[in-house]
Amino acid sequence: MDTKTLKAKILKFQSVIALLLMCIILTLLTDRFLTAENSWNIMRQISVNLVVSVGMTLVILTAGIDLSVGSVLALCGAITAGMLKFGAEFTDANIYVGFTLFGAIAGGVLAGSFLGWFNGMAITRFKVPPFVATLAMLTIARGLTMLWTGGFPITGFESNMAFIGTGWLLGIPMPVWIAAAVVVAAVILTKKTRLGRHIYAVGGNEKAAALSGLNVKRIKIIVYSIAGALAAVGGIMVTSRLDSAQPNAGMGLELDSIAAVVIGGTSLSGGKGTIMGTVQGALIIGVLNNGLVLLNVSPFWQQVVKGFVILLAVVIEKLNTKSE
């Protein structure tokens, strides 16, 4: 194997190599890392980030960005919790409507999809840059969460709600099943469907995609709606796991999801990347977080380390693009 081929192989599998190196180093540094309990703990912890990161991958493939996923997660988790616990009461008509678990979940996911659709409309119809539109949504959704909850957690649900975030099925945690289902669906979407091919085409060259007859605006709106719905799914998982809807849930999650996507090899310029790459990126972020906690590293230093990892991933991606 010549040097050029070896370099190409290393670049292709750089995420896997980085993940293996981290696992080896953490195994040598702490005997608590390579245990079954800790492995399942890592998988449970990354499940929410992975679900949200799948939506972020689709957005970045279109050369966009979504900074609102953390706030949308919090709002949709609170909406689901509120519907499940309090239902809907119309005092004037003396009517009370309760919601089943399925109905409350559907309401939360629809709310997330609507917020994503709103982002897409602002970006495509009103020409607001994705960074600005989703940054505004970040603030709007967080404010609505505070209004909905009054600034206090919503707690106390029926037991089957807790099963979503803490239950086990066939020896595997439910959050892992949910994340796996989302990943499989997204892989099929991107690899086997016309919409998936169109997403890559829009991100690769938007003008060429439009000239070839693709409805670029509609594709982007669909992608942002999917990202919002997946953020809502993440919010329901968090609410279930904590047995409460926290108004400050999801803070900083947008950075973790963007990091997972970029570390997984998806280009911030759009048109290049894979869902499985994002899975690898989410695993790296999860193992890094877990390892830093096991090593008793200060939370402030954890942020510094994660920032450098993200920066390194972006630099590598830019160098790869330049060499190509």
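How exposed is Cys23, as judged by its relative accessibility? At 24% relative accessibility, Cys23 counts as partly exposed. I open with this residue as a way into the structure, which is a predicted model.

Cys76 has a relative accessible area of 0%, so Cys76 is buried. As a reminder, a disulfide is a covalent bond between the sulfur atoms of two cysteines. How many disulfides does a search of the whole structure find? The search returns zero.

Helix 4 covers residues 69-86, and its axis lies 7 Å from that of helix 11, the two packing at an angle of about 60 degrees. Helix 4 and helix 11 are therefore oblique to each other. Their crossing is right-handed. On the side of helix 4, the contact is made by Val69, Val72, Leu73, Cys76, Gly77, Thr80 and Ala81. On the side of helix 11, the residues taking part include Gly228, Ala231, Ala232, Gly234 and Gly235. Sorted by class, this contact of helix 4 with helix 11 has nine nonpolar and six polar residues, and no charged ones.

Helix 11 also meets helix 3. Here the residue ranges are 36-61 for helix 3 and 216-242 for helix 11, and the axes come within 7 Å while crossing at roughly 170 degrees. That angle makes helix 3 roughly antiparallel to helix 11. Which residues of helix 3 meet helix 11? They are Arg44, Gln45, Ser47, Val48, Val51, Val52, Val54, Gly55, Leu58 and Val59. Among their partners in helix 11 are Val223, Tyr224, Ile226, Ala227, Leu230 and Arg241. By class, the contact of helix 3 with helix 11 consists of 15 nonpolar, four polar and two charged residues.

Let us now follow the chain beyond helix 11. Asp243 is found in the loop between helix 11 and strand 6, the latter spanning 244-245. Most residues other than glycine have a negative phi, and most peptide bonds are trans. For Asp243, however, phi is positive, near 55 degrees. With a relative accessible area of 35%, Asp243 is partly exposed.

Past strand 6 comes Gln246, in the loop that runs to helix 12 (253-263). Gln246 has 27% relative accessibility and so counts as partly exposed. Leaving aside residues up to four places away in sequence, Gln246 touches Ala74 and Pro153. Gln246 is also 169 residues from Gly77 in sequence, yet their C-alpha atoms are 8.2 Å apart.

Helix 8, residues 174-192, and helix 13 have axes that come within 9 Å and cross at roughly 145 degrees. In this pair, Val183, Ala186, Val187 and Thr190 of helix 8 meet Ile275, Met276 and Val279 of helix 13. The contact of helix 8 with helix 13 divides into six nonpolar residues, one polar and no charged.

Between helix 13 (275-294) and helix 14 (299-323) is a loop that holds Asn296. Is Asn296 buried or exposed? Its relative accessible area is 68%, so Asn296 is exposed. Asn296 is a residue other than glycine with a positive phi, near 60 degrees.

Gln303 lies in helix 14 and, at 52% relative accessibility, counts as exposed. The cut-off for that word is over 50%. Gln303 and Trp177 are 126 residues apart in sequence and 29 Å apart in space, C-alpha to C-alpha. Gln14 belongs to helix 2, residues 14-29, and counts as partly exposed at 25% relative accessibility. What separates Gln14 and Ile316 in sequence and in space, C-alpha to C-alpha? They are 302 residues apart in sequence, and 9.8 Å apart in space.

To close, I return to helix 11: helix 3 is roughly antiparallel to helix 11, whereas helix 4 is oblique to helix 11.

Terms used:
Residues numbered from 1 in each chain as written. Predicted model: local features only at pLDDT ≥ 70, side-chain atom pairs only at ≥ 80, totals over all residues. Heavy atoms only, no water. Disulfide = S-S within 2.5 Å. Buried < 20%, exposed > 50% of the residue type's maximum accessible area, 1.4 Å probe, protein only. Axes fitted to C-alpha atoms, helices over the stretch in contact; angles between N-to-C directions. Helix = DSSP H or I, 4+ residues; strand = E, 2+ residues; numbered from the N terminus. Parallel < 35°, antiparallel > 145°, perpendicular 65-115°, else oblique. Contact = heavy atoms within 4.5 Å. Nonpolar A, V, L, I, M, F, W, Y, C, P; charged D, E, K, R; others polar. Left-handed = near helix turned anticlockwise from the far one by under 90°.
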